[in-house]
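The following note is intended for a colleague who is new to this structure. Please read the points in order, with the model in view.

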Protein chains: 4
Amino acid sequence: MNALSQRFVLTLACANGPGIVAAVAGHLSEAGFNILDAQQYDDTETDRFFMRVVFDPVSGLGNIEGMRAGFAPLAARFGMTWALREPNARRRVLLMVSKFDHCLADLLYRWRIDELLFEPVGVIANHPMETYSHVDLRGIPFHHLPVTRNTKLEQETKVWEIIRESKADLVVLARYMQVLSDGLAAKLAGRCINIHHSFLPSFKGAKPYHQAHTRGVKLIGATAHYVTSDLDEGPIIAQDVEPITHRDTPDDLVRKGRDIERRVLARAVRHHLEDRILLNGRKTVVFAD
Amino acid sequence: MNALSQRFVLTLACANGPGIVAAVAGHLSEAGFNILDAQQYDDTETDRFFMRVVFDPVSGLGNIEGMRAGFAPLAARFGMTWALREPNARRRVLLMVSKFDHCLADLLYRWRIDELLFEPVGVIANHPMETYSHVDLRGIPFHHLPVTRNTKLEQETKVWEIIRESKADLVVLARYMQVLSDGLAAKLAGRCINIHHSFLPSFKGAKPYHQAHTRGVKLIGATAHYVTSDLDEGPIIAQDVEPITHRDTPDDLVRKGRDIERRVLARAVRHHLEDRILLNGRKTVVFAD
Amino acid sequence: MNALSQRFVLTLACANGPGIVAAVAGHLSEAGFNILDAQQYDDTETDRFFMRVVFDPVSGLGNIEGMRAGFAPLAARFGMTWALREPNARRRVLLMVSKFDHCLADLLYRWRIDELLFEPVGVIANHPMETYSHVDLRGIPFHHLPVTRNTKLEQETKVWEIIRESKADLVVLARYMQVLSDGLAAKLAGRCINIHHSFLPSFKGAKPYHQAHTRGVKLIGATAHYVTSDLDEGPIIAQDVEPITHRDTPDDLVRKGRDIERRVLARAVRHHLEDRILLNGRKTVVFAD
Amino acid sequence: MNALSQRFVLTLACANGPGIVAAVAGHLSEAGFNILDAQQYDDTETDRFFMRVVFDPVSGLGNIEGMRAGFAPLAARFGMTWALREPNARRRVLLMVSKFDHCLADLLYRWRIDELLFEPVGVIANHPMETYSHVDLRGIPFHHLPVTRNTKLEQETKVWEIIRESKADLVVLARYMQVLSDGLAAKLAGRCINIHHSFLPSFKGAKPYHQAHTRGVKLIGATAHYVTSDLDEGPIIAQDVEPITHRDTPDDLVRKGRDIERRVLARAVRHHLEDRILLNGRKTVVFAD
């Protein structure tokens with residue numbers, strides 16, 4: 001579904017209980033809105049309830065401020081965590097990259113053709129700009145922050161400054177090969193997506209394609225997840241794999257992996273931008289389209 | 001999700017308009033029921049609205065007769081076509097088969113281990129029972145109805161009699177290689193599922209694997225669809241494919257195809273049994289799990 | 001390709017070096033045989049060479065004893081490990097199973113319709129025969145060997161006796177949930193295939209579907225591998241996965257997993273029976289069709 | 001496998017018969033070359049034999065001119081059509097594109113990072129250069145050849161001139177939406193690859209995603225094939241699909257399709273560049289890696 005001019009997205013989570021759907025649907029209807037799509041999920045293990053509702057105003061009706069004002073007490077009654085996305089509000093996205101730029105190039109391509117609707121507010125790289133000479137970076141602030149053992153801490157301080165100054169809503173580690181500190185990871189909880197080049201939890205850590213080659217697996221994969229202080233353990237958003245054979249060298253795995261990585265990361269970013277992902281402890285609820 | 005003892009499933013379709021979700025959710029809530037899962041779909045081309053709601057009684061509340069009585073006027077107001085499935089109501093399924101029994105064996109295996117919850121009310125075959133000697137048919141009425149050019153019509157009359165007498169809710173053509181007449185297809189509209197061994201609309205008609213081999217495609221597939229009088233043109237429920245290579249002979253395609261056929265047919269039957277499929281003209285809405 | 005009456009299969013492995021293909025092809029040609037298919041693989045890391053050749057006699061020529069006698073010195077010259085499979089020689093297969101019989105039922109079905117060409121020489125189960133009442137076991141010796149902590153060792157002795165007495169070439173652990181001892185694993189090196197219900201190396205050990213659910217992965221899988229004394233670390237033969245969502249309970253994963261397990265195990269067994277697998281250290285070379 | 005400095009690739013096709021593999025392998029061995037990889041295929045329907053051999057010189061030996069001279073009479077004896085590719089010889093590729101540039105951008109990206117080894121000798125577009133402003137076309141001759149009903153013929157003449165003058169070995173229709181004339185298709189037989197946005201033979205002709213949406217299929221796909229005068233009927237090289245649901249609008253299909261198209265086309269181009277494809281009537285033999 002395309003984002004159309006008048007579509008709002010409401011996401012919410014709360015303890016499960018009777019009457020939630022009726023209360024939400026009833027409130028939207030009374031406020032003059034029409035539900036276009038609604039998805040929900042009861043986690044029977046934790047007894048948490050999750051919901052995503054897309055709605056637009058019934059022609060001539062539908063005052064969003066009224067809806068919002070009335071929704072607050074309803075949300076309080078059910079103990080909801082909730083968010084309301086305005087139509088056409090584009091998230092501000094900061095992209096971080098190391099030497100390999102296939103994910104960066106892919107995300108920017110999808111952005112330029114309006115497949116991914118976001119606002120790129122900067123690219124942070126630990127390699128100089130000429131590394132990315134065939135990626136069209138025109139109009140996007142570029143920050144070269146080389147990282148050495150000695151400068152790691154102060155560079156991270158700069159990263160955080162750039163995030164704040166650019167008012168980034170989402171940070172995407174598009175094959176950024178530096179591990180974020182626990183502190184920064186904590187600050188970015190739920191709004192920093194990483195692509196790891198293995199089907200986690202297999203092959204955590206460094207050189208996963210070499211690990212996969214050594215183990216002799218018959219599938220390789222990639223995993224997009226939210227970054228947490230626990231390396232490669234954050235909530236998984238999307239995964240995919242492709243078959244390989246004994247003939248594939250580590251270089252072949254790197255080549256095949258590029259395709260998996262870029263499509264898995266693009267899917268995760270799209271689902272985040274469309275408010276389809278809700279955190280559920282160390283897991284995700286993904287209301288896919 | 002497993003079917004649990006108190007789960008009802010409501011499915012409905014009507015012209016789209018504001019307030020439908022609120023009305024349905026409100027009615028269920030007032031009648032003492034809790035919505036466990038709800039999925040909906042607006043077809044913006046035809047302006048039709050489709051919904052599937054799973055609900056169970058709030059402990060101590062929830063009178064289904066009251067809910068049903070109150071729902072009828074609501075449904076009338078919105079012009080809904082609707083159905084309400086009782087908990088644990090098993091559909092009565094008649095299976096039809098020709099020489100190749102891999103789909104029959106697979107469906108019956110899934111039934112015996114309680115993966116597919118139905119009541120097998122009979123098997124109709126145009127080959128004698130010994131053809132299926134390694135399939136466990138114990139306890140299921142078996143009807144041998146050989147078909148020749150001259151007997152086709154009277155055999156179909158018998159098929160219809162068996163359907164009526166066995167009170168079959170669903171007929172599954174599990175590689176039944178006889179074409180049903182227009183009349184019988186019409187009588188079974190929306191409750192007869194066929195598995196066709198190609199990724200329709202490619203390779204309609206006879207010997208699709210040979211057609212695929214001749215054309216040199218690199219994927220073969222299977223399609224489960226509702227039977228209509230228009231051969232191989234009925235609403236598609238499920239499809240899947242597998243890669244093939246130039247090395248594959250037609251016999252290899254038949255072998256690889258068996259696996260695709262049985263999993264596609266099983267998926268379609270499961271979705272039908274769980275009331276996940278709504279007809280939308282010559283297409284289907286499938287509220288997948 | 002179907003196994004036809006006169007097809008021989010030669011498999012070999014040796015240190016790489018020039019002239020191997022020419023020597024093998026030349027010998028077969030001179031001995032009156034025609035190469036129908038040949039696949040080879042150079043492992044440039046270990047400098048090992050692997051080959052599989054399918055050949056049949058040129059009409060009126062082709063004496064296999066002469067070919068064999070002449071091949072021995074050639075093999076000695078290159079230091080080859082080699083094997084020659086006669087046409088229509090069916091491997092003797094012993095199947096082992098615990099409570100869940102979907103893999104057993106599937107393998108036996110494929111055997112009965114001549115998709116898998118082997119000779120079933122027995123079924124060993126740690127549950128009584130009535131557990132498998134809907135699987136057609138007629139004509140196959142059934143051994144009930146219940147396992148408790150105290151009887152584990154002596155039962156394994158019986159397993160080994162049955163393997164020897166039945167002259168089993170291949171043992172298939174078709175969801176047999178007892179861990180083989182190191183000693184038995186060693187005796188069965190390269191001829192015992194297990195199906196593990198995860199995409200190894202993720203989720204080794206017990207209850208992999210529950211582990212997968214807890215971790216929140218978006219794909220589940222299954223792995224067929226040769227059994228070694230290192231639990232779940234043996235050479236991988238085949239793997240496959242399917243997408244799952246947050247909605248899937250552990251029970252759903254078990255259900256979806258059954259389909260993956262049976263097709264992955266059947267593929268591995270077929271490749272073994274067709275001499276398509278060569279061991280390469282702790283990895284496999286699989287000359288797929 | 002990476003293309004390394006001394007690797008030659010020999011491809012050949014001839015009537016099947018005994019001794020071909022032995023003759024080829026023997027000749028290479030005598031000429032001082034080592035076979036690194038060999039794949040073959042007997043088409044038992046047409047009795048044609050196909051082979052692809054990768055070889056490099058044994059250190060200190062291996063004169064390619066000698067090998068070539070000696071191979072000619074051998075090839076003549078077996079009636080072979082054959083080709084020998086020198087190491088590092090890059091094919092000259094002309095890319096043609098219409099409005100949608102995702103395949104163009106993807107192929108050029110893969111070229112720049114040395115994933116696809118070719119020499120881009122030009123881009124022909126029926127839209128002006130600014131249409132592709134975010135694709136890095138620096139250093140590649142760009143030809144704007146707008147097509148109207150009246151100019152179609154003369155524009156094709158110009159296309160042919162550009163092909164000849166640029167000495168293009170391969171023409172890639174990277175979502176070029178103009179149908180080539182029979183004459184031009186014939187001239188480019190076996191060296192012009194098109195990407196069609198459906199899983200052919202379904203949905204030939206215009207607007208395949210709209211056709212797919214109308215029919216209600218549950219998978220969409222893309223097909224790379226050699227262009228022939230028979231529209232959308234040329235030999236298929238590669239195909240892939242992705243699942244869709246009833247929710248997907250034609251616009252969603254276009255979006256999902258872009259990913260399939262670019263990976264299918266890239267795979268086909270790579271296989272062509274690596275001499276992995278042999279024509280077999282209206283089908284292809286693809287010796288995949």
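What rotation, and what shift along its axis, superposes chain A on chain C?

1. The model is predicted. Chain A is superposed on chain C by a rotation of 180°, with 0.0 Å of shift along the axis and an RMSD of 0.0 Å. The two copies are therefore related as by a two-fold rotation axis. Within chain A, the C-alpha nearest this axis belongs to Ser202(A), at 2.5 Å from it. Both copies use the same surface, since 100% of the contact residues of chain A recur in chain C.

2. For chain A, an unreviewed UniProt entry records the feature "domain: ACT" at residues 9-88. Over residues 9-88 of chain A, the chain is 32% helix and 41% strand. The end C-alpha atoms of this stretch are 11 Å apart.

3. In chain D, four strands form an open sheet in the order 2-3-1-4, with antiparallel pairing. Strand 2 (33-43) and strand 4 (81-85) of chain D are the edge strands, each of which pairs on one side only. On average, neighbouring strands of this sheet are turned by 10° against each other, direction ignored.

4. Strand 1 (residues 8-15) and strand 3 (residues 48-57) of chain D run antiparallel and are joined by eight bridges. Cys14(D) stands opposite Phe49(D), which lies in strand 3 of chain D.

5. Helix 2 (residues 64-78) of chain D lies across strand 1, strand 2, strand 3 and strand 4 of that chain. Relative to strand 4 of chain D, helix 2 runs at about 165°.

Notes
Residues are numbered from 1 along each chain as its sequence is written. Chains are lettered from A and ligands numbered from 1 in the order in which they are written. This is a predicted model: local features need pLDDT of at least 70, side-chain atom pairs count only at pLDDT 80 or more; totals for chains, interfaces and linings use all residues. Side-chain values use heavy atoms; hydrogens and water are left out. UniProt positions are given in the numbering used here, feature names are shortened, and annotations may be inferred rather than shown by experiment. Helices (H or I, at least four residues) and strands (E, at least two) are DSSP runs, numbered from the N terminus. Two strands pair if DSSP finds at least two bridges between them. Axes are lines fitted to C-alpha atoms, for helices over the stretch in contact, and angles run from 0 to 180 degrees between N-to-C directions. Contact means heavy atoms within 4.5 Å. Copies are superposed by least squares on the C-alpha atoms of residues with pLDDT of at least 70 in both.
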